[in-house]
Amino acid sequence: MNKPYNSRDWMSHPAYLHAPYKSTVLRSPTKPLIPLKQTLSERTGPVYGHEKVGVLDADLTKNGAKNGEPLGERILVTGRVLDEDGRPVRNTLVEVWQANAAGRYIHKVDQHNAPLDPNFFGGGRCVTDDEGRYTFRTIKPGAYPWGNHYNAWRPNHIHFSLLGPSIATRLVTQMYFPGDPLLDLDPIYLGTPEEARERLISKFSIDVTEPDFSLGYIFDIVLRGRNETPMED
Amino acid sequence: MPETTTATASEALKQTPSQTVGPYFAYGLTAGQYGYPHTAIADSTLTDNETEGERIRVEGIVYDGNGDPINDAMIEIWQADAEGRFNHPEDTRRPNAHFEGFGRCGTGTDPENRFWFDTVKPGAADVGEAPHINMIVFARGMLVHAYTRVYFADEAEANAADPVMQSVPQERRHTLVAERRETPTGTVYRFDIHMQGDDETVFFDV
């Protein structure tokens, strides 16, 4: 098995430099990336599974609870991790982190004047099943202000980190919510090529919604696939 | 033929776009290092007492275009063991049982904003390849992560013959080579990352 993984699709991913997102200006490589012919180094990667996941890790409404339930709107977020050919990516680790319902991160450098929730931590992880499916139970994250420009607010979002089968499939992304008016004002979201942006927006699903308990959202994730023909020498 | 060959380009799914890790990744991805009450899947220590191989530390600073250290970057590494074997199903050789080969470190806890990894010096994975460590850079302000490779200054001959190194313009190859230094606490390879500037680190389209 020496087939390379497909290249990153630069019609899907943002460019490094997106000047309206000001932090990119000094942190983006200025020289073109050098094409690398994948070796075993890139066709392999860390393999983590259930041994890295604790019983409450996928339930963010419980894994930070100290003396009660977190405040906010309970949601279920689920989806499938697939490759570009539609094959499920099984037994792969999905890590998430997010703000609480008030738009405050527990992170020490978050100085936003909104309350922390003593019963909400905001980090979790799980492993995909045989169909590539993951599920998190959490609280809908709030919007929050940031210093990029005057009156800048991040849309509601959940950060996702995925390993996939090799370091070539590594992906860190953000899941957004449908109908959020802040999306069209957000330079991070808008840094994504226009035709690819909607892939970052989850879909509300009444089927995933649990009666009398929580709303449901579906967010499918597509990682790089693998060429069926070996790379020519 | 595999069933997937019947899929046409129009049926193929499109990759989910990358987004930045932002400034608040630490409690999600590097919780233990930053003192949050959550575990992380990996940290800066890749070895245990029984790992075979030469113990080394790989450390460095990530500099922005002004030459200032970036204090909210996250670095991941992936490497072969001391015999050049990867702990992965696709490497059919039996790897060292005490070495997973994956590390993760944020730059926000060291006073100088260094990242560091305590690991073993990898062996060459294949004939003609030089020993190296794969490194991935994430940060606030990076909408897409960046791949680079760490080569070792004391492997000059192997480096010169390495196909990936040879694909890099001669005048930029030094940005991929970590300098070796012996210290009272052990061998340290220094690998600074420059996002921009005269010594801009080589990043690969992996």
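Reader: Happy to look at this one with you! How many salt bridges does the count come to over all chains?
Author: Glad to have you here; this is a predicted model, so the count rests on predicted coordinates. Side chains of opposite charge can pair when their charged atoms come close. Over all chains, the count of salt bridges comes to 29.

Reader: Which residue meets Arg154(A) in a salt bridge, and where does that partner lie?
Author: Arg154(A) belongs to strand β7 (residues 152–154) of chain A, and the pair links distant parts of the chain, 32 residues apart. The N to O distance is 2.9 Å, within the 4 Å cut-off for a salt bridge. The partner lies in the loop between β9 and α2 (187–190) of chain A, and its name is Asp186(A).

Reader: Let's turn to the two chains together. What is the area buried between chain A and chain B?
Author: On the contact side, 88 residues of chain A touch 75 residues of chain B. Carbon and sulfur atoms give 57% of the buried area. Leu26(A), Arg27(A) and Ile34(A) supply 12% of what chain A buries against chain B, more than any other three residues. The area buried between the chains is about 7200 Å².

Reader: Nice. Which residue of chain B forms a salt bridge with Arg226(A)?
Author: Between chain A and chain B the count is five salt bridges. In the one that involves Arg226(A), the closest N and O atoms are 2.5 Å apart. The residue on the chain B side is Glu90(B).

Reader: Which strand gives the largest share of the side of chain A that touches chain B?
Author: Polar contacts join 49 residue pairs between the two chains. By class, the touching side of chain A has 41 nonpolar, 25 polar and 22 charged residues. Five residues make up the largest share from one element, and they come from strand β9 (residues 171–176) of chain A.

Reader: And what is the bridge partner of Ile34(A) in β10(B)?
Author: Strand β1 (residues 34–35) of chain A pairs with strand β10 (residues 204–205) of chain B in the parallel sense, over two bridges. Ile34(A) is also one of the three residues named for their part in the buried area. Its bridge partner in β10(B) is Phe204(B).

Reader: One last thing: at which residues of chain B does UniProt place the feature "domain: Intradiol ring-cleavage dioxygenases"?
Author: For chain A, the unreviewed UniProt entry places this feature at residues 77–105. The chain B span is 0% helix and 45% strand, and its end C-alpha atoms lie 19 Å apart. In chain B, the unreviewed UniProt entry places the feature at residues 58–86.

Key:
Residues numbered from 1 in each chain as written. Chains lettered and ligands numbered in written order. Predicted model: local features only at pLDDT ≥ 70, side-chain atom pairs only at ≥ 80, totals over all residues. Heavy atoms only, no water. UniProt positions renumbered as here; feature names shortened; annotations may be inferred. Contact = heavy atoms within 4.5 Å. Buried area = accessible area lost by both parts, 1.4 Å probe. Salt bridge = Lys/Arg side-chain N within 4 Å of Asp/Glu carboxyl O. Polar contact = N/O pair within 3.5 Å; in protein donor to acceptor, adjacent residues only side chain to side chain. Helix = DSSP H or I, 4+ residues; strand = E, 2+ residues; numbered from the N terminus. Nonpolar A, V, L, I, M, F, W, Y, C, P; charged D, E, K, R; others polar. Pairing = 2+ DSSP bridges.
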